[in-house]
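Subject: Structure for you to look at

Hello,

Please find the structure below, followed by notes on what was found in it.

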Amino acid sequence: MNFPILSVITFLPFAAAVIMLLMPANRKTEVRGVALATASLDLLLAGWMYLQYLLGEMTGYQFIEQYDWLPMLGISLKFGVDGMSAPLVLLTGVVMFTGVLISWGNDDPHVMAGIQDRPREFFAFLFLLAGGVFGVFVSLDLFMLFFFYEIAVFPMYLLIAIWGWVKTREYAAMKLTLYLFIGSVIALVGALAMYWTQYQNTGILSFDMIQMESAGFSASFQYAWFLPVFFGFAVLGGIWPFHNWSPDGHVAAPTAVSMFHAGVLMKLGGFAALRVGVMLLPQGAQQWSWLIMTFAGIAVVYGAFIAFVQTDLKYMIGFSSVSHMGLVMLGISTLNHNGLMGAGVQMFSHGIMTALFFAITGMIYDRAHTRQIPELGGMMKALPFTGVGFIIGGLVSMGMPGFSGFIAEFPIFMGVWGRAWLLAVIASISIIITAAYIMVDIRKVFFGALPEKLEGHISPITALDKIAIVFLCSLMVLIGMFPAVMTPMVERGVENILRLLGGA
Amino acid sequence: MFTSLDFTSILPEMLILALGVILLIVEPLWKEEQRRNAGWLIAGGLLAVIVISLLFGQPRGESAVFGGMIRFDWFGFFFKMLFMFAAAVTALLLMDHEKVGQRGEAYLMLLASIIGMNLMASAADLVMLYLAIETASIPLYILAGFIISDERSTEAGFKYLLFGTVASTIMLYGFSLAFGFSGTTDLYQLAGMFAAGGISLPLSFGLIALVLVGLAFKMSLVPFHFWAPDVYVGAPSPVAGFLSTASKAAGFAVVARFFFVAFADYAASWTLLLAILSAITMTVGNLLAISQTNIKRLLAYSSVGHAGYALIGVVAFSELGATSVVFYLAAYILTNLLAFGVVMAFSRVTGLDDIKDYAGMSRRNPVLALMMLAAFLSLAGMPPFGGFVGKVFVFAAGVQANYVWLVVVGILNSIVGVYYYLTTMKFVYLDRMPNQDEENHPIPLTRPYAIALAVLTIGVILVGTVFAPWFSWATGGALALFN
């Protein structure tokens, strides 16, 4: 394992961002070319890494690299993936690749598709974001995790504020940034407290998270600090009642950024809450799991109901994301094998599914210039690819067997049943609601007659868009049909978490 | 008699003096329009001084020289390098200032001021310290009021002078009391006197308060910050940038040495006092910054806020605390100079200083906008810029010293900071000029600006990513205070 694959995956987007910023602003095609080449390369590397892990021994953390960063305070650049993070690295690669594809833009003046205004800055900021996300998923050092976490937050402000939907972009961008920043700095205080307590207990000055697993935090310390750390990160995971920034952000963001935001960024919150909150403070997690479970249960049902009454397609998907991320949190809060398994797969499955939804919504909006569900119709004839894609995404969202959503949601409900059967019953209401709004929306948007207003305005989507849709759909079907490409891996990650929980 | 150690200890100051003499000789020979070249001379000269000092003037251990007047250690040395770097950048930024750039006196004042600051960082005796502070301040009073034809500049100069003299007089009173009770002016002997219980606690408290007034003025801590916004707006912009960085850092250097060494035994009383000052300073600075419409006033209040963050490291009263202050100031000097540099480059072309005038700036000069983004994100404490790392270290020191409440106040303030820094960047990136014809209003950068801003931008990113060398130097400086 000599090739430093994880650091290459992480730093490639940063390098590409710098290169793009150094290119002349009017070379739009070349800038897009660099973006696509980088994204493809990163996806290939991430895929190769994933296969290596899957076909290898699948034990513990792999591809570990460690470089001194600030040895005096025990800060190092330590990369490594386990069964939980490897799928998320792949997910980031997929979303980055498809995000670049659908942002390519075309020269048709009637279709304002893709990014026409300052693509150089757009792709540079998007890649800074992507690099930050990769960095969080692969870091095994707490300082490094925060470093990349913040890098992933600030480009969001610019991406939404500059290229977002004119009506709400300023408001939404600022709201999102403040929410996420507040969450992350609160978690930072917790992390610093953990760092010094470890020093008191063991005399080791280190931000190494594997080291911290055996720092011997006292029970009262864990009870006190678990909440700020977990919820500080979970804000980004869209946990109720701190979910408010999320749908606003989705709606205001340009298509590729919505894909990133819902597909990857929210996983960042769930993942960091799991890795730092649950894994480093396991007794705190056991103490407070009822609270998370309650919040997550509310999020699941509430999100689904709110999604049901939305008339704006993007708000509908935004709130369905709150509901689905609630399932992830629900899975985490069970702290048992099935629940955590499901949460791990759900993070991947939901990431791909929402990315697909937002990509399709973006394509429709670029052509119809409206996202209001009552004003749409007949898209199946006009844009058959988007219709099929949306239906597959919908089936995943409903948790149909044969698709990745089933592989994810079924274990979560089993896990919840093991902890609190009543909650499982209540949460399962969301499945019905989800099925209802997905089917109603599919009927209204894709079937029926094309509204007269839109007659002749709906130009076909580009080949790049089709590639993106097919790619995302096939991944979801692949996992649904052959769960073995993912579940054994996630299972290894879960075993590690259970070991920490059991040893507490 | 002079020993070679004495020479080495004031090597940078002697070289700066020589540089000033060269400037005095050469400048009259230049024609009027060539005189801005003084900026190149000073910047290049200071760079040479930095290199020579690093090669030949490094301290080996701590030693008292000139009969205990000066302490020759890493702490002072690190700050000296910072001051000279800041002055070199300021000289570059002065060059293209319409009314100041062609006046040799301005550069000379700058040099005189850093001699004073260098001595502030290394003074170990009350007399030396007072002389150093005045040497640093008087040229700055003149520089702040340099543009006689401009009423605001004159006002700034006077305001700074009046506030400054009052504050330093009160501080001098504190010094004289310290001498009166202990019989010594040497900081390190004072520490011994205090440790022996020579002064009662209430008295020491009063002493600390008196001394703190003068230094708080330098650092622009609330409630001694009133001069800052007016002076920053009125003074020539490069001078304002210098005031908000090097001058402020010099105040911190004195505070750190004074409190960590002389008042070490009263730590219990002054840490709480400084903690309260720090909390008030952060909060007032950041809250007032929100409503500003002038970018220089915004930066003035934000720099008040930053003094509060840096003070957390002093409050922590530990090796890591001292290290984090030094590191924070290094990152802050680079960042704030960059921010002021961008503002200067913008207002030199447009003549405008209001935040709303920055609308469409990213289309008028994308590179300048990116530099501004780097500066403001660093001020807001975002990675991969220096401000993030500095803030994390300061907060880490605070948590270690069990000042969690102060860190929480700091965090709340940094959220406020994110709000107004991003709001400003919104104008730059999102809004358009009234006629949307940004292409016809470019903002060209002259060569000195381009060089200074590029160096600063790279510096801000380097401090925020490859921080191990800076940190080990800062630690070296901090350790000198705890021996």
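β1(A) and β2(A) form a hairpin with four residues between them. Helices (H or I, at least four residues) and strands (E, at least two) are DSSP runs, numbered from the N terminus. In the turn of the hairpin, A:Gly74 has a positive phi of about 70°. Strand β2 covers residues 75–81 of chain A, runs antiparallel to β1(A), and is joined to β1(A) by six bridges; two strands pair if DSSP finds at least two bridges between them. Across the pair, A:Gln66 stands opposite A:Lys78.

This is a predicted model, in which local features need pLDDT of at least 70 and side-chain atom pairs count only at pLDDT 80 or more, while totals for chains, interfaces and linings use all residues. Residues are numbered from 1 along each chain as its sequence is written, and chains are lettered from A and ligands numbered from 1 in the order in which they are written.

Backbone

Most residues other than glycine have a negative phi, and most peptide bonds are trans. A:Phe63, which is not a glycine, has a positive phi near 55°; A:Phe63 is in strand β1 of chain A. A cis peptide bond joins A:Trp240 and A:Pro241, with omega about 5°. A:Pro241 sits in the loop between α8 (219–234) and α9 of chain A. In chain B, the peptide bond from B:Val222 to B:Pro223 is cis, and omega is near 5°. B:Pro223 belongs to the loop between α9 (201–219) and α10 (227–234) of chain B.

Two packed helices are described by the angle between their axes and the distance between the axes. Axes are lines fitted to C-alpha atoms, for helices over the stretch in contact, and angles run from 0 to 180 degrees between N-to-C directions.

Helix α11 (residues 282–309) and helix α12 (residues 313–334) of chain A pack at about 155°, with their axes 7 Å apart. α11(A) and α12(A) are therefore roughly antiparallel to each other (angles under 35 degrees count as roughly parallel, over 145 as roughly antiparallel, 65 to 115 as roughly perpendicular and the rest as oblique). The crossing of α11(A) and α12(A) is left-handed; a crossing is left-handed if the near helix is turned anticlockwise from the far one by less than a right angle, and right-handed if clockwise. Residues that make this contact include A:Ser289, A:Ile292 and A:Met293 of α11(A) and A:Met316, A:Phe319 and A:Ser320 of α12(A). Two residues are in contact if their C-beta atoms, placed from the backbone, lie within 7 Å. By class, the contact of α11(A) with α12(A) has 14 nonpolar, seven polar and no charged residues. Ala, Val, Leu, Ile, Met, Phe, Trp, Tyr, Cys and Pro count as nonpolar, Asp, Glu, Lys and Arg as charged, and the others, Gly among them, as polar.

Helix α9 (residues 245–252) of chain A also packs with α12(A): the axes come within 8 Å and cross at roughly 145°. The crossing of α9(A) and α12(A) is right-handed. From α9(A), A:Ser246, A:Pro247, A:His250 and A:Val251 meet residues of α12(A), among them A:Lys314 and A:Tyr315. The contact of α9(A) with α12(A) divides into six nonpolar, four polar and one charged residue.

For helix α16 (residues 404–419) and helix α17 (residues 421–446) of chain A, the axes come within 6 Å and cross at roughly 145°. Here A:Phe413, A:Val416 and A:Trp417 in α16(A) meet A:Trp421, A:Leu423, A:Ala424, A:Ala427 and A:Ser428 in α17(A). Seven residues of this contact are nonpolar, one is polar and none is charged.

The chains and their contact

Chain A has 19 helices and two strands, and chain B has 20 helices and two strands. The radius of gyration of chain B is 21 Å, close to the 23 Å that the globule rule gives for 483 residues, so chain B is as compact as a globular protein of that length. The radius of gyration is taken over C-alpha atoms, and the globule rule is 2.2 Å times the number of residues to the power 0.38. The C-alpha atoms of chain A fill a box of roughly 70 × 55 × 45 Å, taken along the principal axes.

The contact between the chains takes 24 residues from chain A and 27 residues from chain B. On the side of chain A that touches chain B, α6(A) gives the most, with 11 residues. By class, that side has 21 nonpolar, one polar and two charged residues.

Regards
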